[in-house]
Amino acid sequence: MTQDCVYLIWALTKEAKGVGAAVSESRRSLLTTTGSRNATIIEEFILLGFGGRPQLEMGLFGVLSLIYLVTLFGNLALLALTCLASRLHTPMYFFLSNLAFLNVCYTSAVVPKMLVNFLAARKSISYRFCMAQVYITLFLGAAECFLLMVMAFDRYAAICHPLHYTTVMSKTVCVSLAVGAWVGSFLISVAPSFALERSLCNLVIDHLFCEAPILFQLACPGQDLSKNEAMMVAGSVFTLLLPLVLILLSYVRIVAAVLNISSADGKRKAFSTCSAHVTVVTIYYGSGMFTYMRPQSGSLAEKDKLISLFYSVINPMLNPIIYSLRNRDVKEALLKVLGRTKGSQ
């Protein structure tokens, strides 16, 4: 899911290739010119994807179909287990269940249409569906940043203030933090985007799905995008930089507290409670920043698409695996739930 939090550094001005007469015909059938100088009514977009490499698309269809099923199963299983197992009714797993729900929503908004286009001769997406993908991925990308920040605060409270942990992270506080993450994400990332000027003239999207940066690709020639860019930069400060800074500050305090623990076993246990979260944060921010916070060039177009697959498709699959693989609580809760199910039969 860059991740969408790091959408502001997007400088793609790639020229669509390999569409030739098909795109010209699409322009005639999909664009209705109005009386304005550059204004057009766009009903549909063409997603280039990997159109020039059908064998790659067939291979990706099989692999991504399997990944999507694993993502749904893993995250939904984690959600169910968190609800059924009383020992997982803790702040950390409450926030983790929110993250699992987010992963299911994100992949379901992106992957099914992507799989359909892999098999379709004419790879298209309606204007409304494309805009829906833009807003959904924008919203969920920001929400994941906020949730990761809240989870870092939870680890800080657990390690740095263990005696007051149950008070600091009470049920009311946890619900308030989760609601604040979701509502704040919408208000900061999505709501301001409705004010962006969207005079779109290009219907060819050199990508696999629609996300916020494609609005710059589709802008009319000569359009002043300074207002849009300023709003996106301002939003990114709150959806990307602020959560990242607070996560880093939390772990500075955590590391300092752990180093003061005298026993090696105590240090190991303290670090082990944070290892999964650190791994997820590193993958999430690392893949997104590698994609967007570097110079873009047309020669890297297909590599960029593969990287976008990583943070939007593979990362949601990895999250439940990372949190469950070496987690004793999850394994014991799973065995208990399975044992209870067999006993009831």
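Two residues are in contact when heavy atoms of one lie within 4.5 Å of heavy atoms of the other. In the predicted model, Ser97 touches Leu79 and Thr82, with residues up to four places away in sequence not counted. Ser97 itself belongs to helix H3, which spans residues 91–119. The relative accessible area of Ser97 is 12%; because a residue counts as buried under 20%, Ser97 is classed as buried.

The packing of helix H3 against helix H2 (residues 54–84) was examined next. The axes of H2 and H3 come within 9 Å and cross at roughly 155°. That angle makes H2 roughly antiparallel to H3, since angles over 145 degrees fall in this class. The crossing in which H2 passes H3 is left-handed. The residues of the contact of H2 with H3 comprise 20 nonpolar, eight polar and one charged.

A further pair of helices is formed by H4 (residues 127–160) and H6 (residues 171–190), which pack at an angle of about 140° with their axes 8 Å apart. H4 is therefore oblique to H6. H4 passes H6 in a right-handed crossing. On the H4 side, the contact is made by residues including Tyr135, Phe139, Phe146, Leu147 and Phe153. H6 contributes residues among them Leu177, Trp182, Gly184, Phe186 and Val190. By class, the contact of H4 with H6 has 16 nonpolar residues, three polar residues and no charged residues.

Terms used. Residues are numbered from 1 along each chain as its sequence is written. This is a predicted model: local features need pLDDT of at least 70, side-chain atom pairs count only at pLDDT 80 or more; totals for chains, interfaces and linings use all residues. Side-chain values use heavy atoms; hydrogens and water are left out. Axes are lines fitted to C-alpha atoms, for helices over the stretch in contact, and angles run from 0 to 180 degrees between N-to-C directions. Helices (H or I, at least four residues) and strands (E, at least two) are DSSP runs, numbered from the N terminus. Angles under 35 degrees count as roughly parallel, over 145 as roughly antiparallel, 65 to 115 as roughly perpendicular and the rest as oblique. A crossing is left-handed if the near helix is turned anticlockwise from the far one by less than a right angle, and right-handed if clockwise. Ala, Val, Leu, Ile, Met, Phe, Trp, Tyr, Cys and Pro count as nonpolar, Asp, Glu, Lys and Arg as charged, and the others, Gly among them, as polar. Buried means under 20% relative accessible area, exposed over 50%, partly exposed in between (1.4 Å probe, protein chains only).
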